[in-house]
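Open the model in your viewer and get ready to select residues one by one.

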Amino acid sequence: FKIYGAPILSAQKRVVGAALTIRDITNIRRLEQMRTEFVANVSHELRTPLTSIRGFVETLLEGALEDPEVSRRFLGIINKEAQRLQQLIEDLLALSRLENQPQRVRPGRAKLIPTLEGVLATVNPLAREKGVNLEVEIPEGLPSLAIGENYLSQVLLNLIDNGIKYTPAGGRVTVRAGLENDGIQVEVEDTGIGIPAESLPRVFERFYRVDKARSREMGGTGLGLAIVKHIVEAHGGNVGVTSQPGQGSRFFFTLPVVTEGKVQAESPIPEK
Ligand code: ADP
């Protein structure tokens, strides 16, 4: 709380009382703290790959360059760390665009199956390389979703990519969808490592990871699920997760469908 005080004076300038204003600044403090934490997190996430890149470059310059095999290995690491930096910056930009102008998100219209096919083309090689089976169980003829195709792709990609990342070889990732109330529910279920109950409420937070080392090793930025939540909520939907540690996880989201007759123009929502 912040308390402001001022004396109340009579016409003769004598103090006859005092006025107190008590302002609840819990929310402001909380926002300030979140901002500080976010900046600290970003700095840390940027510094880690940079420190690694500089370390390997220095070792190369100090002589390791003479050994072609060591050089190739170090350059491989440098390349991987640089890619992580790039992904992190792209994720941060995506998040800040969503946060700064949620009202500018256009209604859009996307068909689930063709959008999913595009995403599967990207993740299939990854799944094959890891020995994880990808399955799709989606009925034909679902109505279009009220979301731009790029946004829907990003949501599907992040969830399926996680499913593959956190599922050991021989496991399975299944994408399902169906009508639910006024919208469509899509779920991505895996048979992977699962998430402990105490972490479940936090996985959609920016930079939250159950296991930092494992996430980094997989090339994760800790922002994928925060982006999913932002995109889905900006389009009037919801996200959720259930999980059984050691058995698997099930991430789901709902989105409104395009109601026929309603104009879904690809233009900014007119102001009232
Ligand atoms: P990351 O880049 O670390 O994967 P995300 O925001 O996508 O970041 O996910 C946050 C954390 O949630 C991950 O670090 C991981 O601990 C957990 N997580 C996400 N998806 C899954 C999944 N399918 N199975 C198990 N854990 C998951």
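You are looking at a predicted model, where local features need pLDDT of at least 70, side-chain atom pairs count only at pLDDT 80 or more, and totals for chains, interfaces and linings use all residues. Residues are numbered from 1 along each chain as its sequence is written, and side-chain values use heavy atoms, with hydrogens and water left out.

**Stop 1: a strand residue.** Select Arg176, which sits in strand S4 (residues 172–180). Is Arg176 buried, exposed or partly exposed? Buried means under 20% relative accessible area, exposed over 50%, and partly exposed in between (1.4 Å probe, protein chains only). Arg176 counts as partly exposed because its relative accessibility is 25%.

**Stop 2: a loop residue.** Next, pick Ile193, in the loop between strand S5 (183–190) and helix H5 (212–217). Ile193 has 31% relative accessibility, so it is partly exposed too.

**Stop 3: a histidine.** Move on to His235, in the loop between helix H6 (224–234) and strand S6 (238–244). With a relative accessible area of 8%, His235 is buried. Show its side chain and look for the backbone oxygen of Ile231, 2.8 Å away. This is a polar contact (a pair of N or O atoms within 3.5 Å; within protein, one must be able to donate a hydrogen and the other to accept it, and residues adjacent in sequence count only if both atoms are side-chain atoms).

Zoom in on the ligand's oxygen atoms. A polar side-chain atom of Ser215 is 2.5 Å from one oxygen atom of the ligand, and an N or O atom in the side chain of Tyr166 is 2.8 Å from a ligand oxygen. At Thr221, look at the backbone instead: an N or O atom there lies 2.9 Å from an oxygen atom of the ligand. Taken alone, the ligand exposes 530 Å², and the protein buries 97% of that (areas by the Shrake-Rupley method with a 1.4 Å probe; for residues, only the protein chains shown count as cover).

How values were computed:
Helix = DSSP H or I, 4+ residues; strand = E, 2+ residues; numbered from the N terminus.
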